[in-house]
Amino acid sequence: MTKARHTQGVIRVAAPLAVLASLLFVLPRSGPWFHAWLPELSHPLYTRTSFGALTLAHLALVTIATLLAVAIGLGLGILATRPSGRSLLPTVRAVAVIGQTFPPVAVLAIAVPLLGFGAAPTLLALVLYGVLPVLGQTIAGLEHVPAATLHAADGMGYGRWRRLREVELPLAAGPIMAGVRLSAIVSVGTATIGSAVGATTLGSPIVEGLVGNNTAYVVQGALLVGALALSVDAVLGAIERRIRRG
């Protein structure tokens with residue numbers, strides 16, 4: 001049973017990664033196929049930047065945004081669940097929820113005059129959208145640590161920071177990782193619109209295709225974004241399951 005479960009876990013991770021790798025290999029050679037499908041297009045294959053470079057740039061932007069969102073969300077979640085910071089809990093939640101009500105396009109429109117075109121406004125939008133899942137799951141995880149466990153740690157002479165580090169965070173790691181996973185997946189999708197303000201992402205062929213009425217570009221970008229999202233979800237899902245079992 002354990003071996004079968006392990007095999008299933010490997011397949012869950014390997015399958016989307018294999019799809020992504022296959023697309024990165026096949027798409028640069030798929031010009032004739034897209035030309036046969038859309039013969040009216042003079043340039044059916046996106047070649048301005050390689051698909052591999054776009055994927056790496058997209059993944060790098062998502063990784064940086066997720067790390068920042070985790071640092072902010074985890075820090076605020078810890079602060080809001082400490083005795084000295086519980087009065088801040090409603091405010092922290094309200095600010096996070098309000099941040100989610102702004103559509104990414106609006107955040108970009110506000111950020112571009114301040115930060116200029118490129119990756120910076122996109123990174124800001126991704127961080128704002130990525131904080132809430134981490135914050136919510138951090139608070140939920142820390143609040144559901146059994147009181148008996150906390151009392152036992154206190155009885156053993158643990159200080160508040162040692163108790164947090166060695167007891168609370170390990171027990172809340174499962175829910176926190178679920179928030180990290182959701183934050184990363186949201187970032188993969190949201191980063192796509194960053195190409196509208198000059199960021200180099202997998203949204204570049206999609207935006208150029210929409211502007212130039214080139215369906216082939218849109219399909220190529222969408223396939224890679226979907227495959228990357230599934231791959232990121234599979235990898236982080238495997239990490240989450242291992243943490244929960246631990």
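Predicted model: local features only at pLDDT ≥ 70, side-chain atom pairs only at ≥ 80, totals over all residues.

Author: Residues are numbered from 1 along each chain as its sequence is written, and side-chain values use heavy atoms, with hydrogens and water left out.

Reader: At what angle do the axes of helix α3 and α6 cross?

Author: Two packed helices are described by the angle between their axes and the distance between the axes. Helices are DSSP runs of H or I with at least four residues, numbered from the N terminus. Axes are lines fitted to C-alpha atoms over the stretch in contact, with angles from 0 to 180 degrees between N-to-C directions. Here the axes of α3 (residues 51–81) and α6 come within 6 Å and cross at roughly 40°. That makes α3 oblique to α6, since angles under 35 degrees count as roughly parallel, over 145 as roughly antiparallel, 65 to 115 as roughly perpendicular and the rest as oblique.

Reader: Which side chain meets glutamate 168 in a salt bridge?

Author: A salt bridge is a side-chain nitrogen of Lys or Arg within 4 Å of a carboxyl oxygen of Asp or Glu. By this rule the count is 8. Glutamate 168 pairs with arginine 82 at 2.9 Å, N to O. Glutamate 168 sits in helix α8 (residues 160–190) and arginine 82 in the loop between α3 and α4 (89–101), so this pair ties together parts 86 residues apart in sequence.

Reader: Are glutamate 168 and arginine 82 buried or exposed?

Author: Both are buried; the word means under 20% relative accessible area, with exposed over 50% and partly exposed in between (1.4 Å probe, protein chains only). Another salt bridge joins aspartate 154 and arginine 163 at 3.2 Å, N to O. Aspartate 154 is partly exposed at 39%, while arginine 163 is buried at 16%.

Reader: Which residues form the nonpolar patch on the surface?

Author: Patches take residues with over 30% relative accessible area and no salt bridge, joining like charges within 9 Å and nonpolar side chains (Val, Leu, Ile, Met, Phe, Trp, Tyr) within 5 Å. In this model, Ile110, Leu114, Leu115, Leu124 and Leu128 form the nonpolar patch, with about 480 Å² of accessible area together. Helix α5 gives the most, with 3 residues. Leucine 124 belongs to helix α6 and is partly exposed at 34% relative accessibility.

Conventions:
Areas by Shrake-Rupley, 256 points an atom, 1.4 Å probe, with all protein chains shown as cover. Helix = DSSP H or I, 4+ residues; strand = E, 2+ residues; numbered from the N terminus.
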